[in-house]
Amino acid sequence: MTALSRASGWRKNWMLLAMFGVLSLIATACGVEDDVAVDEVDDDIVDEPADEPEEEPEVDEDVDEPAEPADDAIVIGHVNALEGPFAAGAEDGSRAVELALQEFDSEINGRPIEVIVESSDTTPDTAVERARKLVEQDGVDIVYGPLSGSEGVAISQYAAGVPDVTFVDASSGGAETTLEGPDNYFRFTAAGDQQGGNFGTYAYEELGIERVAIVAEDYAFPHALAGSFITQFCEAGGEVTEAFWVPLGESDYSSVIASMPTDVDAIYGGIGGSDAVNFLQQSIEFGLEIPLIGGSILVDETVLAAEGADLRDAVEDIVAAAPVFADEDNAEWVDFEERYHAEFPDGFETPSLFAALYYNSFKSLLHALEEVGGDLDDGHEGLRNALSTVAWDTPIGPIDGVDENNQGAVSNFIFQVVEGDDGELTTELLRRDDGIEQHPEPFERLDGCP
Amino acid sequence: MRLSSPAVRWTARGVLLAALIIYPFVVPQPGFWVVNIGIKSLWLGVMALSLIFLYKFTGLLSLGQLAFWGAAGYTIGYLVQLQGWSFAPAIALGIVFGILLGALVGSFAIRASGVYFLMLTLAVAQLMYFAALQASQFTRGHQGITGIRPPTFLGLDLVSARTQYLVALTIAVLLYVLCRYIEGTPFGLALRGLRDSPERMRALGYNVYAYKVVAFSFAAFIASIGGVLAIFYNRQIVPDGVGLIRTIDVLIAAVVGGVISLPGAFIGAFALTMVQNFSQFFTSRYLTLTGVVFVVVVLFFPQGIAGLWRQFTGYYLWAHDRWRPATRDAVEGKGVGAGAAQLSERSTD
């Protein structure tokens, strides 16, 4: 290329730039002259959902929505993590939503309930994008979801900008979601600290544990889970000798296990998923003989069912606390489980944690809608009042309204992993505590008794 | 007037620019169409532009651009949200940090090529992900830095969707023009030379290593600006934002748009954004659908959307040559393949 042609190319680029500048100026000028239009956009994004009925039909036609909601339908947008690491749990949650809808024949006071599902991937950025699409494009009345903690925090922050839409959490456990969340965001399932229940007190008073070491993942959820345990345990008179905060995704626990103090009565594990499998596996290999006790994620079904890992020696006799328990002595659970199996023969052997949590939160929403006769014309005031006072017996304990942060109290189950009659590992309920409320402050990382 | 004549091309560019500027004022439900589609396409397009620039001029396909995006984003998030800085110095420092990280990574990564370079840059992206996850005193770990409110710059309130869109559009156009300008400079020509024949360029006295490091750093600069735009869009920066899924998103946007075409960056980003936003009409597995689209494009449309015209023109010319009566060819002295040869003479862009 010659210098001449390069110069010519550069002149063309400048022309392009100049053309853009001129057009930008024109557009900006139009915008300045028409401040109302700009404000309207801002209001649409920050304050108002695009749910004006007279505007929606033609736009929905434009985007070729396959299942056009009926004119009088109550439209619920469901942000569900159908992609990513919790896809199986999210799918099971959808089954529970369907069960709850069937109980109400998918209508409230003659108004059909339409659910539009948007898939997220457990990342907060995607969750907010999906929620925004449901609110702005689909014009939903209510947003239901999401599944995971960081998604919940992000969506509750988004909810603050769309006060005319009501949000009901599905199963996320982030503390800030409700502690710092707006008035239009409700949660009926446990925050991280609630998942610990009264386990700290129980460990000291009932299990006779006086000194404990902590091993937990170093992020917000275990901070809350272990934080509630440490606080209660210390208040009861116990001592936390040392806390090992390991990075999420840690696979090598050899140094942690080697440094573990030997003069403690138990080790509290606040780790979950594949990290828990690795920790438990290595605790067997290293011959760790100190008894383990656990947070809700240490011995959940995903850990116990981990393929290729024989964790029996490590998990047997572990006592742990969780917000969901398959309690065969609870009539509501038995009914829920029977209908789950009847409707979804290909579902899990036992409804998963997500199925139970989704069922609780979605049915709470339906109860509240029923109480107001499906009437949302008052700017959702009636619905939000109904959500604040909704009360019913769920398969995992009673729900009875929400606190000043719109967070419901939950039940907590303390159980032990034991060998069943058939020789397989099973769980035995030791105690159920109802009315566990959220701690009023988010827990920071605690390295010992506060 | 021929479609390829300068007048038609400039008119088309003008119309396109006008349409892009008018877009936020005319679309229904701007909270979705301006934000979810418009702004997202622009910042993702800037990210794809950084990848395409590097590939087009050096032949290096990087999966690490999100690391520089993250470096800039986390620097801004940390300084503004956790240290109370104002946005202007934080953004400047974020971009500088992104460029420096790019120079550092480039200084060792460009010694590799092909799949080794791809793996090295992927490792860098994953390194950023785990650093974001574990350096919690700077990044707030798994939870990320949230609640970032876009600032007001020079009287432009970036909370406003239209303003943010127009600012993003301006920056995207400036970066695009800059890349096109570089294409014609001695630096750009040298880069293309060392892409095609590094040995020959070395023999001519060019410092191939230094040129590649500078190109890599420039691509990191573009990616860092993408990080600035994205942090205004997302209003947060979290480890998942620099995770594997988002890394693949940038690659898919570039490939779908056309990995050797600078405009393809934005075309691909727009296409990917549309697929992700409207995938639920076909399936709830939007990542799976995105993957299928990616495979189809790689297999059947290797030049991406930006190369579709060229690809189908090629088919037409090939078919035209093939079925032309042999006698006429004999008379005119042309053989089969003349059309294809004619095509190959055209510019790749």
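**Exercise 1. Work out which strands of the six-stranded open sheet in chain A stand at its edges.**

Solution. Begin with the order of the 6 strands in this open sheet of chain A, which is S2-S3-S1-S4-S5-S6 with mixed pairing; strands here are DSSP runs (E, at least two residues) and helices are DSSP runs too (H or I, at least four), both numbered from the N terminus, and two strands pair if DSSP finds at least two bridges between them. Strand S2 (107-108) and strand S6 (185-186) of chain A each have a single partner strand, so they stand at the edges and one side of each is left without a neighbour in the sheet. Next, take one pairing within the sheet: strand S1 (residues 74-80) and strand S3 (residues 111-119) of chain A run parallel and are joined by 7 bridges. Within this pairing, His78(A) has Val117(A) of S3(A) as its bridge partner.

The model is a predicted one, in which local features need pLDDT of at least 70 and side-chain atom pairs count only at pLDDT 80 or more, while totals for chains, interfaces and linings use all residues. Residues are numbered from 1 along each chain as its sequence is written, and chains are lettered from A and ligands numbered from 1 in the order in which they are written.

**Exercise 2. Describe how strand S9 of chain A is covered and which strands pair with it.**

Solution. First consider burial, where a residue is buried if 20 or more other C-beta atoms lie within 10 Å of its own, exposed if 12 or fewer, and partly exposed in between, with C-beta atoms placed from the backbone. Strand S9 (residues 266-270) of chain A is mostly covered, since 5 of its 5 residues are buried. Ala266(A), Tyr268(A) and Gly270(A) point one way from S9(A), whereas Ile267(A) and Gly269(A) point the other way. Then turn to the partners: strand S7 (residues 211-217) of chain A runs parallel to S9(A) and is joined to it by 5 bridges, with Val215(A) opposite Gly269(A). Strand S10 (residues 292-294) of chain A also pairs with S9(A) in the parallel sense, over 3 bridges, and Leu292(A) in S10(A) is the bridge partner of Ile267(A).

**Exercise 3. Find where the pLDDT of chain A falls under 50.**

Solution. Start from the whole chain, for which the mean pLDDT (the predictor's confidence in each residue, from 0 to 100) is 84, with 83% of the residues of chain A at 70 or more. Residues 1-7 of chain A stay under 50, and the model has 4 contacts for them beyond four places in sequence, a contact being two residues whose C-beta atoms, placed from the backbone, lie within 7 Å. Residues 25-66 of chain A also have pLDDT below 50, and this stretch has 52 contacts in the model beyond near neighbours in sequence. Where pLDDT is low, the predicted coordinates should not be read in detail.
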